[in-house]
Structures are given as C-alpha cells and as structure tokens.
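I opened this entry to log what I looked up, item by item.

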Amino acid sequence: MTGSARRKLADTLGNHDFRLYAGAQFLHATGMWVHRVAELWLVYQITGSTLAVGVATAARAGSSIVLAPLAGTLADRVDRRVLLASTQFTKALTAAGLAVVTVSMGTEVPLVLLYGVIMTLGVIGAIDTPLRRAFVRDVVTAEGLDGAARLHTSVMSAGRIVGSGLAALALSAPWACFAGNGVASLTASVLVLRVRPTTSVSPAARAAGGRLFGYLRRSPTVTIPMALLCCFALFGWNLEVLVPVLVDEQLGTGPAAFGMLVMVMSLGSLVGSVAVASRDSAGLGRLVALLAVFGAAIVALAAVQHVADALVAFFLVGACGGGFLSLANSSVQTAADPRLQGRVAAVYGVVFVGSRALGGPLLGWMVDTIGSRAALAAVGLGTVGFAALGVVVVRRARRDSNPQPSDP
C-alpha cells in the first residue's frame with residue numbers, strides 16, 4: 001500500500017458518518033445475500049430448472065431498468081438520507097412477510113407468489129441502488145470520494161461473505177434467511193438515520209446540472225467504464241445462476257456446497273476490492289486488464305471436477321470481479337458531475353442490474369442447453385474478447401483527448 005493511499009483510507013475510515021454509512025451498507029449486503037441465496041435455491045427446489053433461476057434474477061433486476069429515470073431524479077432532488085432509510089425499512093417488511101409465508105408453506109410456496117416478492121424487492125432496489133451510491137458524496141469530502149467509493153465495494157463484498165455463509169448454514173430453513181434479511185434491513189435503516197451529511201450539493205445546483213445524456217456523450221471517462229461493466233455483469237457476474245446445477249450435477253453435492261461456493265466467491269471479491277482500494281491504481285487501462293483476467297478466471301472455472309477445485313476457481317473469479325467492481329465504481333463516481341451524481345448512479349445501476357437481468361435467463365438457457373462447462377468456457381472467452389475490444393476503445397479515447405499538434 002502506498003503512503004498516499006494509506007492516508008486516504010485512514011481519513012475515510014476516521015469519518016464517523018462514513019462508518020455509520022458503511023455499517024448500514026454491510027447490513028444491507030448481508031441481508032440481501034442471505035436472502036438471495038435462499039431465494040435462488042428455493043426456486044431451483046420448486047422447479048428443478050436453471051432457466052427458472054435465471055428468470056428469478058431477471059424478475060428482481062427488471063424493475064431497475066423501468067424505474068431508473070425516477071430513481072435517479074429522486075436521488076438528486078430529495079433528502080437522500082430519509083429516502084434511503086425508507087427503502088431499507090420497506091425491504092424489511094417485505095422480507096419478513098415472505099418469511100412468514102415460507103414458515104407455513106415450505107417448498108410448497110407458489111412460484112408466482114415467490115416471483116411476486118422477488119419483483120417487489122426489485123422495485124425497492126431500483127430506488128435504493130442509486131441512492132446508496134450517490135449518498136457517498138454526501139458523507140465524505142470531495143478528496144475522500146475516491147477512497148470511499150472503493151471501500152463501498154469492499155464493504156458490500158464483506159456483507160456478501162457473511163450473508164452467503166449464513167445462507168449456507170440455513171438453506172434447509174429458507175424462512176430463517178428471509179427473516180434475517182428483515183432484521184438486517186431494519187437495523188440498516190436505523191443506522192442511516194443517524195448519519196449527518198457533511199458535504200452535499202443543493203437541490204437547486206442539482207437541477208442546474210444539465211441534460212444527462214448530453215453529458216454522458218461528452219464524458220468517455222464515465223461511459224467507457226459503464227460499457228465494460230455491461231460485459232462484466234451480463235454473464236460473468238451472474239454465476240450464481242449456474243451454481244445450483246453445478247453443485248447438483250457437476251459436483252454431485254448439496255445445498256451446503258452451494259452456499260459455500262457463493263461465500264468463497266464473496267471472500268475473493270472482498271480480497272480483490274480491498275487490494276484495489278489500498279492502491280493508487282486508476283485509469284481505464286487497468287480496468288480493461290482486470291476484465292480480461294476476470295474472463296480468463298471464468299474459463300478456468302469450466303475445468304473444475306471436485307469441490308476443492310471449485311473453491312479455488314470461485315475465489316479467483318471473485319477476486320478479479322471484486323477488484324473490477326471497486327475500480328469501475330470509483331472511476332464513475334469520481335468522474336461524474338456532482339450535480340448529476342444521482343442520475344449517473346442510476347444509469348450505472350441500470351447498466352449493472354439490467355445486464356444481469358438480461359444475462360441471467362440467457363445463461364440459464366445456455367446451461368440447460370449445452371451444459372455448465374461449455375457455458376462457462378463461452379462466457380469466459382467472450383469476456384476476454386470484449387476486454388480486447390476495450391483496449392481499442394480506450395486508446396482511441398486517449399488519442400481524441402490528446403490530439404497531436406498539426407504541422408505548421
């Protein structure tokens with residue numbers, strides 16, 4: 001870790017309000033992942049279909065695409081702290097309701113009802129996601145934004161580890177996972193209300209920020225990371241869709257291995273995001289390189305035959321993915337116009353969640369059609385190919401931003 005990076009991290013972690021915010025995000029991620037792992041395993045138990053699992057991920061994510069304009073505008077025009085606390089509280093009520101239904105019905109829960117709850121949580125997430133990203137700017141100073149944005153990914157990865165681990169222990173009782181999400185979300189709501197924003201852009205200044213899409217066309221430092229993120233999230237970060245069938249058919253194990261693999265991937269994500277957060281590494285070139293290594297790790301995952309091999313491969317995929325997400329998030333957050341922070345965060349969320357929504361069913365269909373090994377190889381090679389294309393785009397953007405002087 002370099003000296004300047006160490007100082008930035010120390011300043012960020014020394015901010016009491018950032019610690020409250022980080023605690024809320026940790027609880028949010030923990031509850032989300034303990035719920036999501038149980039949710040996907042329950043869908044697979046009910047249907048026995050990987051495609052149905054992919055549809056579940058799409059049902060959760062689809063709302064973000066439709067509601068993105070509203071979500072981004074809300075994040076720029078209202079009190080972010082109060083609205084964020086409200087979304088967490090609403091999520092707590094929804095998760096608690098599903099827990100009650102699952103206690104009484106077990107695996108007999110109607111698939112339509114389960115999909116309905118998943119879509120409801122997707123609506124809440126559509127508003128919540130850009131809020132959480134934009135709220136970082138209100139909690140830290142401008143100088144601390146880059147470090148805070150990178151730590152945001154690390155905190156989310158830590159919550160993913162804990163949530164996945166708890167799910168691995170409780171998958172035989174999905175209601176407990178859903179109830180845990182409710183408790184975590186309620187506590188996160190309380191922590192958010194205790195945060196006192198230190199720096200923020202006034203609503204009047206946000207309104208004067210200009211047109212979003214015109215700004216994006218003029219800002220390759222924002223749009224290129226989002227394009228790379230699209231490829232990253234489309235298939236590669238949708239691996240939980242194929243984990244049930246990989247565990248059930250390829251490895252011949254049960255639900256405990258499902259939760260364990262997701263947890264190990266989350267641990268890798270934490271290690272990768274912390275590694276990026278602790279270095280003064282920035283730039284589109286490094287982002288492209290991380291995407292290429294991530295794709296290569298997925299190709300390696302296609303060769304696993306035993307649980308031990310799968311654990312190593314999932315850790316590597318998680319580490320590369322966590323590092324990529326940390327750098328992509330900080331790149332967009334720091335490059336965005338503060339007056340458009342919420343709307344840029346909403347577009348970022350649409351790219352990330354929308355790509356996952358599209359890729360989930362497609363990946364499920366691929367696995368059902370050609371098998372998990374062939375699907376993983378295709379996804380990994382495709383990601384590496386897109387990273388190669390990204391090299392060309394980054395070089396062109398650099399050339400356009402630094403034109404050579406003409407001869408006299």
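**Cysteines**

I searched the whole structure for disulfides (a pair of cysteine sulfur atoms within 2.5 Å) and found zero. The model is predicted: local features need pLDDT of at least 70, side-chain atom pairs count only at pLDDT 80 or more, and totals for chains, interfaces and linings use all residues. Residues are numbered from 1 along each chain as its sequence is written, and side-chain values use heavy atoms, with hydrogens and water left out.

I checked C231 next. C231 is in no disulfide; the sulfur of C230 is the nearest cysteine sulfur, 7.3 Å away. I use relative accessible area for burial: buried is under 20%, exposed over 50%, partly exposed in between (1.4 Å probe, protein chains only). C231 counts as buried because its relative accessibility is 13%. C177 is also buried, at 1%.

**Fold**

I counted 16 helices and zero strands in the protein chain. Both are DSSP runs numbered from the N terminus: helices are H or I, at least four residues, and strands are E, at least two. Of the 408 residues, 57% are buried. I took contact as heavy atoms within 4.5 Å. Among contacts with a separation of 6 or more, 89% join residues 24 or more positions apart.

**Cores**

I looked for nonpolar cores, meaning sets of buried Ala, Val, Leu, Ile, Met, Phe, Trp, Tyr and Cys residues joined through side-chain atoms within 4.5 Å. The largest has 96 residues, and F232 and V344 have the most contacts inside it. Helix 2 (residues 16-47) gives this core its largest share, 11 residues. A second, separate core has 23 residues, including I127, V139, V140 and V195.

Which residues does V344 touch, leaving aside neighbours within four places in sequence? I listed L212, Y215, V222, M226, V332 and A336.

**S331**

I placed S331 in helix 14 (residues 307-335). S331 counts as buried because its relative accessibility is 15%. Beyond four places in sequence, S331 contacts T221 and P225. S331 and M226 lie 105 residues apart in sequence, with 9.6 Å between their C-alpha atoms.

**Surface**

W365 sits in helix 15 (residues 341-370). W365 is exposed, because its relative accessible area is 52%.
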